[in-house]
Each structure stands twice: as C-alpha cells, then as structure tokens.
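Please look at the sequence and the 3D view before reading on.

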Amino acid sequence: MTYLQLFQTYEKELARPEELRYVFRYAKKLNYTAFIMLLNTDVSEADMAFIATISKRLMQDEPAQYIVGNTEFYGLTLTVDGRALIPRPETEELVSLILSENRALSQARILDIGTGTGAIALSLAKQNPTWDITAADISSDALALASHNANENAISTVSFVQSDVFRNLSGCYDIIVSNPPYIAEVEKADMADNVLKYEPHLALFAENDGLAIYEQIAAQAGQFLTATGKLYLEIGYLQGKTVSQLFQEQFPRKRIRVLKDLSGKDRMIAID
Ligand SMILES: C[S@@+](CC[C@H](N)C(=O)[O-])C[C@H]1O[C@@H](n2cnc3c(N)ncnc32)[C@H](O)[C@@H]1O
C-alpha cells in the first residue's frame, strides 16, 4: 500500500481530513517536495503505525498543533500544548497593527495581559529588541510554556509575571495589549470539539457574557498607562460595540477604534 492510499483511507473518517497530512509532514520534518515524492511509494511498517496513531488522535478531536507540538506565529516557532491556547492567525493581525502604528517608539514599556504561549509578547520582542516587555498571565503553567518559548527563540527582553490582570504589576506602560478569554459560557454548545475538549478553559471563557476581563482592564488600565499610553485588544467578533463603550466610559478623551480582521469581522480595538 502506498502512503497516498493509506492517507486516503483514514481521511474518509476524519472531520478535518487535511490535518492528517499536515501532522505527518511536520512531525517527520518533510519539506513539500520530499512529501510529494513519498506519496506514491510503499508505506513502511513504522509509518503505517505512526499514521494510525495520528489518525486516532485526530479522531478524538485533539488539535493538530498539539499533536505536532508546535506552531508558527509571526515568524516564530512556538511550542504548544494543553497549558495554553493555540495562537490564532487573527492575533498575528493584532501584532501587525501594533508594530505598524508604533514604529517610532524606540524605547517603550509594553505589557501583554494573558500571554498564553507568549505569542504576542515574544513576536513584539523579536521585532523590537529595545522594547522592555512584560508578559503576564494568571496561569503558572502558561507562563512556564511562554518562558520556554522565549528561550527557544533566543528572546531575553521579556519578563514573565504571574498576575490576575494587574494585581502583581506596577509602573506605567506605553502599550498594554491583551487577547483575554472572551467567550461566554452560553456559547459552549456552539464550539468545536477540538477547542472545547483540549484547549484550557481558563484561556477561553470569561464571566459576565465573556466581558469580565475587559471590564477589569478598563477599570484599572488608567493607573498603568503613561499619559500618551495606548491599549490594543483582541475581541470576539460580536463584542465591538460593547467593549468599545466600556473603554470610552473610562477613557472619554481617547480615540477608540474597532478594527476588522482579514475576514471582515470586528476583531481588534485600539485605544489611543
Ligand atoms: C485567549 S488566551 C490568549 C493567549 C495568547 N495571548 C494568544 O493570543 O494566543 C487568554 C489568556 O489569558 C489568561 N488569563 C485568563 N484569565 C486571566 C486573568 N484573570 N488574568 C491574567 N490572565 C488571564 C489565560 O490563562 C490565557 O493564557
């Protein structure tokens, strides 16, 4: 039996068939050409067992990135596992926005609230080695993973702090960024199994219709921002109006923009 025939057999049973070849290729570190060349050759016994194992894990809804063990984010390779949310492409757009609007800042203090894998903090640090960046999370497991990712990517300008929003933080920041948990408990029923069963619920859900962490940030950010400080938030696509109102009340003199992601959905809020 060839690799192609074996893949096709398992792919019929998978909810997201494209993930099988993706996981195999990345786990075996095969470039595209090597993978294509392999497809019409006879599958080895070891790979037959390996492909069966991957298929089983995918059938149990384990996310492909957790099986591979890493993912790409803004040019970084980040280790991902059940300790933190798998960083999403929409969050790369938030990083792009911050970078494009703050090119003039050579020295800056940045705070990333709810850093997870460290995706936002580490990609900002990679692009701006002179920025002084604090990555905070309530989860010590997530912070251990983020710190591992900093080492793996040779980034030494990020410090890690365990904190419930601002509780263990001090001083003022030029930029505060956050992609907090923002899903309401009632939305659980509509969520994909691979997210619900494997990604940490602490990273997904927030009380008060998903608004609880935004409310805490809005209430306290004024004490932690410099006079010209800016806030950048990722939001759920239906939260633009509510979250912008929340921040407008606390920051009546600042400009609040709701910005769309590449698929045209409200996804980010910039406050400056
Ligand atoms: C949606 S994930 C975002 C992870 C990462 N920033 C990203 O964009 O991929 C939210 C993160 O916020 C953290 N978190 C949840 N509640 C928190 C709180 N009260 N204070 C600080 N961090 C919190 C979670 O542990 C999780 O890592």
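## Helix H2

In helix H2 (residues 18–27), the residues Glu-19, Leu-20, Val-23 and Phe-24 are buried. Helices (H or I, at least four residues) and strands (E, at least two) are DSSP runs, numbered from the N terminus. A residue is buried if 20 or more other C-beta atoms lie within 10 Å of its own, exposed if 12 or fewer, and partly exposed in between, with C-beta atoms placed from the backbone. The arc is that of the directions from the helix axis to the C-beta atoms. An α-helix has 3.6 residues a turn, so residues three or four places apart point the same way.

The buried residues of H2 pack against helix H1 (3–11), H4 and H5. Contact here has a cut-off: the C-beta atoms of the two residues, placed from the backbone, lie within 7 Å. H2 is followed by Lys-29, whose phi is positive, near 55°.

## About the model

The model is predicted: local features need pLDDT of at least 70, side-chain atom pairs count only at pLDDT 80 or more, and totals for chains, interfaces and linings use all residues. Residues are numbered from 1 along each chain as its sequence is written.

## Helix H8

Helix H8 (residues 140–152) has 13 residues, which at 1.5 Å a residue should span 18 Å; its end C-alpha atoms are 18 Å apart, which agrees. The expected span is 1.5 Å times one less than the number of residues.

Which residues of H8 are buried? They are Ala-142, Leu-143, Leu-145, Ala-146, Asn-149 and Ala-150. Seen down the axis of H8, these buried residues fall within an arc of 160°, so they line one face of the helix. On the other side, Ser-140 and Asn-151 are exposed. The cover over the buried residues of H8 includes strand S2 (76–79), helix H7 (119–127), strand S4 (132–137) and strand S5 (158–162). Just after H8, Ala-154 takes a positive phi of about 55°.

## The loop between H4 and H5

Two residues are picked out in the loop between helix H4 (45–59) and helix H5 (64–68). Asp-61 is found in this loop, and has a positive phi of about 75° although it is not a glycine. Most residues other than glycine have a negative phi, and most peptide bonds are trans. With 15 C-beta neighbours inside 10 Å, Asp-61 counts as partly exposed.

Glu-62 lies in the loop between H4 and H5 as well. Glu-62 has 19 C-beta neighbours inside 10 Å and therefore counts as partly exposed. Leaving aside neighbours within four places in sequence, Glu-62 is in contact with Arg-57, Ile-67, Asn-194 and Tyr-198. Glu-62 and Asn-194 are 132 residues apart along the chain, yet their C-alpha atoms are separated by 5.5 Å.

Is Val-165 buried or exposed? Val-165 is buried, with 21 other C-beta atoms within 10 Å.

Leu-76 lies in strand S2. With 21 C-beta neighbours inside 10 Å, Leu-76 counts as buried. Not counting residues up to four places away in sequence, Leu-76 touches Leu-122, Ser-123, Lys-126 and Asn-153.

## The nonpolar cores

A nonpolar core is a set of buried Ala, Val, Leu, Ile, Met, Phe, Trp, Tyr and Cys residues joined through C-beta atoms within 7 Å. The largest core has 55 residues, of which Leu-124 and Ile-176 touch the most other members. Apart from this core lies another, of 8 residues, among them Tyr-3, Leu-6, Val-23 and Ile-51.

## Around the ligand

Of the 23 residues around the ligand, Pro-87, Gly-114, Gly-116, Asn-179 and Ala-203 come nearest.

Terms used
Near = placed C-beta within 6 Å.
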